[in-house]
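Welcome! Please take a moment to look over the sequence and the 3D view, and then let us walk through them together.

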Amino acid sequence: MTPGTAGFRGAPETHGTWRGWREATHQALYGPEGFYRAGAHGPAGHFRTSVHASPLFAGAVARLLCRVDEALGRPAVLDFVDLGAGRGELVTGVLAALPADVAARTRAYAVEVAARPEGVDRRVQWLTRPPDGVTGLLFANEWLDNVPVEVAEVDAAGVARRVLVRDDGAQRLGEPVAGAEAAWLARWWPLPGEEGLRAEIGLPRDAAWASAVAALDGGLAVAVDYAHTAAARPPFGTLTGFREGRETAPVPDGSCDITAHVALDACAAARAARCTPGHAPPDALMRPQRKALHALGVTGARPPLALASTDPAAYVRALASASEAAELTAQGGLGDFWWLLQPVGSLDAAALLVDVADHEEQ
């Protein structure tokens, strides 16, 4: 059993009722006083994402949108959907980075449970769910990791049980995992019968991703998150919290973000399973963020020293840009995110990522 849980069996329920992590997390993040609804600064006040690290990230997404535009034959209306938009930072940056001719045809949407912040570009439509009939690019940056999931833990008898939690973060084991959740574990995250092993049951994320991709009539859906695949699931799960820029214990009281890494391979398969029998979807593609951004022109290459003599100001700007690019692609940091690219229609996801030489690996 996870440290800290055993002592709470039979303890007085002075901090609310015991409930599964999915229900507790949903209330803590998206309830009336939840983490994603309260506060003027939003999630950016508590953790740093690629969007906040550098405008180069929005520029890379804009470049990807332009490639999707070309692959679609430059439609009269090109859609960009920022799913899990926070305070609108990414969609604003993408619109600013687009060439004028593409921007003139782009219809931009921000999808977020929080109310529309002041100052967001008037061209952005603010929604609580993805629009239907989209043709273009749907981009979900660190969205799936905040879709609440149940947590399972193996007990002393080798049985996977649902983990229950109170508002103060205390945990104990509940009923055995059964039904569709047990089937998901068996398929995507089998738990050996060793006491204390944990898994996050990604079934709600699979459904959320498949539903989001279904909004596309044609184009590309991209999910970006810390993730893992069946070949390397973490033995004790990844559930954690973030508060004021630091990792902390996940306490479902609305005071912190609650997140867990994503089984992106399961999400990709869930989308494929929804397709009409006999109509195989285009192949999905998974790439580490550093590879995806390199292919979109964010390389982190330092400017030539000669530029310091001929144009010192340009050299300083280029050096700053290289530093930001290095942060976005760093191993052990933001570069370890994974990108899931899931095309809808006839697009070839691999063709949208044009390789750029990775000097660090040569």
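## Getting oriented

Helices (H or I, at least four residues) and strands (E, at least two) are DSSP runs, numbered from the N terminus. Counted this way, the protein chain has 12 helices and 17 strands. This is a predicted model, in which local features need pLDDT of at least 70 and side-chain atom pairs count only at pLDDT 80 or more, while totals for chains, interfaces and linings use all residues. Residues are numbered from 1 along each chain as its sequence is written, and side-chain values use heavy atoms, with hydrogens and water left out.

A residue is buried if its relative accessible area is under 20%, exposed if over 50%, and partly exposed in between (1.4 Å probe, protein chains only). Of the 362 residues of the chain, 51% count as buried. A contact means heavy atoms within 4.5 Å. Among the contacts with a separation of 6 or more, 74% are between residues 24 or more positions apart.

## The seven-stranded sheet

Let us begin with an open sheet of 7 strands, whose order is β4-β3-β2-β5-β10-β17-β16, with mixed pairing. Because β4 (124-127) and β16 (285-288) each have a single partner strand, they stand at the edges, and one side of each is left without a neighbour in the sheet. On average, neighbouring strands here are turned by 20° against each other, direction ignored. Such angles run from 0 to 180 degrees between N-to-C directions, with axes fitted as lines to C-alpha atoms, for helices over the stretch in contact.

Two strands pair if DSSP finds at least two bridges between them.

Helix α3 (residues 55-71) touches β2 (78-83), β3 (106-111), β5 (134-141), β10 (216-225) and β17, and its direction makes about 155° with that of β5. Helix α8 (residues 264-273) touches β10, β16 and β17, and its direction makes about 5° with that of β17.

## A closer look at Leu64

Which helix holds Leu64? Leu64 lies in α3, and it is buried, with a relative accessible area of 0%. Leaving aside residues up to four places away in sequence, Leu64 touches Leu137, Phe139, Leu220, Val222, Leu296, Trp339 and Leu352. Leu64 and Leu296 are 232 residues apart in sequence, yet their C-alpha atoms are 7.0 Å apart in space.

## The three-stranded sheet

A further open sheet has 3 strands in the order β13-β12-β14, and its pairing is antiparallel. β13 (246-248) and β14 stand at its edges, each with a single partner strand, so one side of each has no neighbour in the sheet. Neighbouring strands of this sheet are turned by 35° against each other on average, direction ignored.

Strand β12 (residues 240-243) is joined to β13 by 3 bridges, and the two run antiparallel. Arg243 has Arg246 in β13 as its bridge partner.

In α1 (residues 21-30), the buried residues are Trp21, Ala24, Thr25, Ala28, Leu29 and Tyr30. They pack against β1 (19-20), β6 (150-154), β7 (160-165), β8 (171-176) and β14 (257-259).

In α6 (residues 179-188), Glu181, Trp184, Leu185 and Trp188 are buried. Seen down the axis of α6, these residues fall within an arc of 100° (taken from the directions from the helix axis to the C-beta atoms), so they line one face of the helix. The face turned away from the buried side carries the exposed residues Gly179, Ala186 and Arg187. Among the elements covering the buried residues of α6 are β9 (198-201), α7 (203-213) and α8.

## Two residues with positive phi

Most residues other than glycine have a negative phi. Arg74, in the loop between α3 and β2, has a phi near 55°. Glu142, in the loop between β5 and β6, has a phi near 50°.

Are these two buried or exposed, or in between? Arg74 counts as partly exposed at 37% relative accessibility, whereas Glu142 counts as buried at 16%.
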